[in-house]
Amino acid sequence: MAKATRTSRPSGKSPGQSGESRFTVFLDRDGVFNVNPRLGVRLYRNLKWLPGTREAFARLNQPHVQTSLATNQPWVGLLTATPGMMRRLHERFKAELEAYGGRLDHIEMAFAPPLIGNRRNKPRPGMLEDGAAAFASEGRFVDKRRAVMVGDKLKDAQAAAAFGIPAILLATTSDAASLEDSARRHNVPYAAIVPDLAAAVDLILSWA
């Protein structure tokens, strides 16, 4: 598949380093791990996992890989959910990934309504910046040459580009041809379009 807006893949070892830094994987939630619902998920019982995603994510549980969720949850700003509801949902979400052998190191949620223009709402890069800052506070610095964003929408690739890293788009919510056409029309770069998270993990592990 031709990719007119394709970006280069992350490099391996960082120049000037005697060893390799951690490879950072930022991930969207809806459409990556679970079915992307029209009206959002406010309770864990309404979250429908996409087939194979928990098993695929578990393969990223390696010492040289760190992971951070970056998910728009505007329902809090729209007063149809509370921060507590979202935290409880993601506690169970994280525990479910761990039950399958996965390790989700960090979670960022953006609560502002979409029309506010908040720096944390994708397509803006605020959640990626804040996730990187959280890692840095623990001494785990994010090397943008060894990082990627995984999402299912153009706004995920836009946030990645604004942060300075490539994006892998999943053809789970929209088909690959639609994603490619939209990216070309809006001049949004991406590294690859793949069918699902399992294919994205295959690609990431070949880079990491």
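This is a predicted model: local features need pLDDT of at least 70, side-chain atom pairs count only at pLDDT 80 or more; totals for chains, interfaces and linings use all residues.
Local features were considered at pLDDT of at least 70 and side-chain atom pairs only at pLDDT 80 or more, while totals for chains, interfaces and linings use all residues. Residues are numbered from 1 along each chain as its sequence is written, and side-chain values rest on heavy atoms, with hydrogens and water left out.

The chain contains 6 helices and 6 strands, taken as DSSP runs numbered from the N terminus (helices H or I, at least four residues; strands E, at least two). Read from the N terminus, the elements follow the order β-α-β-α-β-α-β-α-β-α-β-α. The radius of gyration is 16 Å, close to the 17 Å that the globule rule gives for 208 residues, so the chain is as compact as a globular protein of that length; the radius is taken over C-alpha atoms, and the rule is 2.2 Å times the number of residues to the power 0.38. The C-alpha trace spans about 50 × 40 × 35 Å along its principal axes.

Of the 208 residues, 51% are buried (under 20% relative accessible area; exposed means over 50% and partly exposed lies in between, with a 1.4 Å probe and protein chains only). Among contacts with a separation of 6 or more, 72% join residues 24 or more positions apart, a contact being heavy atoms within 4.5 Å.

Attention now turns to the largest pocket, which holds about 260 Å³ of space. A pocket here is an open set of points on a 1 Å grid over the protein atoms alone, where a 1.4 Å probe fits, with protein on both sides within 12 Å along at least five of seven lines; lining residues have an atom within 4 Å of a point. Grid points are joined across faces, edges and corners, and the volume is the space filled by probe spheres set on them. The lining comprises 16 residues, with Asp 30, Asn 36, Asn 72, Trp 75 and Lys 155 nearest the centre. Strand E2 (65-72) and helix H4 (154-163) each contribute at least two lining residues. By class, the lining has 4 nonpolar, 4 polar and 8 charged residues.

Glu 180, in helix H5 (residues 176-186), counts as buried at 9% relative accessibility. Its C-alpha atom is separated by 9.4 Å from that of Leu 154, 26 residues apart along the chain. Glu 91, in helix H2 (residues 83-99), is exposed, with a relative accessible area of 54%.

How values were computed
Ala, Val, Leu, Ile, Met, Phe, Trp, Tyr, Cys and Pro count as nonpolar, Asp, Glu, Lys and Arg as charged, and the others, Gly among them, as polar.
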